[in-house]
Amino acid sequence: MAQTRWADAQLAHVSQEGRFTSAYNAAHAAALAALRWHGYRSENRFTVFQCLAHTVSWPPARWRVLDAAHQKRNLAEYEGYLEIEESTIAEMVTLAEQLIADVRTLAGGAGGH
C-alpha cells in the first residue's frame, strides 16, 4: 500500500490535497509496517510516526515532519480545511520514499511493505 500511495502522490494531474493525502498515507502505511515488523500494533495514527525513532532509527527532525503532516491531515479530515504548499508535498513524497526504503531494510529487502 505504501508504494501505491507514494506513486499516487507524484501524479501531476492530481490535486494538491490528493497528492498530500497520498504522500501522508504512504508514509503512514510504511511506518505501520515498521511497527508491525517489530511485533507491535497501534490504534492511534500518530503513534506510528512517533515510534519511527525506535522502529527505523529516525531522528526527531525527520519523524516530526510526519507528525506535523498528521496534524494537517486531521484538520482536513475533521475540520474540512487544508492549506498546503507544493514544497510540503515534495518533502512528504521524499520522506515517504526514504521511509519505504528504510522499512524494506528491516525485512532484508523484501517487497510488499
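**Why these labels? A chat about a predicted model**

Analyst: Let's start with His-28, which sits in helix α2. Keep in mind that this is a predicted model.

User: Why is His-28 called buried?

Analyst: Its relative accessible area is 9%, and buried means under 20%, so His-28 falls in that class. Leaving out residues up to four places away in sequence, His-28 touches Arg-45, Val-48 and Phe-49.

User: There is also His-70 in the model. What makes His-70 count as buried?

Analyst: His-70 belongs to helix α5, residues 60-79. The relative accessibility of His-70 is 8%, and the limit for buried is under 20%, so the label applies. Beyond its neighbours within four places in sequence, His-70 is in contact with Tyr-24, Arg-45, Phe-46 and Phe-49.

User: Which residues does Phe-49 contact?

Analyst: Leaving aside neighbours within four places in sequence, the contacts of Phe-49 include His-28 and His-70, and also Tyr-24, Trp-63 and Leu-66. Phe-49 is also among the residues with the most contacts inside the largest nonpolar core, which has 34 residues. Helices α1, α2, α3, α5 and α6 each supply at least two residues of this core, and the largest share, 12 residues, comes from α2.

User: Is Asp-102 buried or partly exposed, and how do you know?

Analyst: Asp-102 has a relative accessible area of 23%. Buried would need a value under 20%, and exposed one over 50%, so Asp-102 is partly exposed. Asp-102 is part of helix α6 and, neighbours within four places aside, is in contact with Val-56, Trp-58 and Arg-62. The C-alpha atoms of Asp-102 and Ala-2 are 12 Å apart, although 100 residues separate the two along the chain.

User: Why is α1 described as roughly antiparallel to α6?

Analyst: The axes of α1 (residues 2-9) and α6 (residues 86-106) come within 10 Å and cross at roughly 160°. Angles over 145 degrees count as roughly antiparallel, so α1 gets that description relative to α6. The crossing is left-handed.

User: Which residues make that contact, and how do they divide into nonpolar, polar and charged?

Analyst: From α1 come Ala-2, Gln-3, Trp-6 and Ala-9, and from α6 come Val-93, Ala-96, Glu-97, Ile-100 and Arg-104. They divide into six nonpolar, one polar and two charged. Glu and Arg count as charged, so Glu-97 and Arg-104 of α6 are the two charged ones.

Technical notes: Residues numbered from 1 in each chain as written. Predicted model: local features only at pLDDT ≥ 70, side-chain atom pairs only at ≥ 80, totals over all residues. Heavy atoms only, no water. Helix = DSSP H or I, 4+ residues; strand = E, 2+ residues; numbered from the N terminus. Buried < 20%, exposed > 50% of the residue type's maximum accessible area, 1.4 Å probe, protein only. Contact = heavy atoms within 4.5 Å. Axes fitted to C-alpha atoms, helices over the stretch in contact; angles between N-to-C directions. Parallel < 35°, antiparallel > 145°, perpendicular 65-115°, else oblique. Left-handed = near helix turned anticlockwise from the far one by under 90°. Core = buried A, V, L, I, M, F, W, Y, C linked by side-chain atoms within 4.5 Å.
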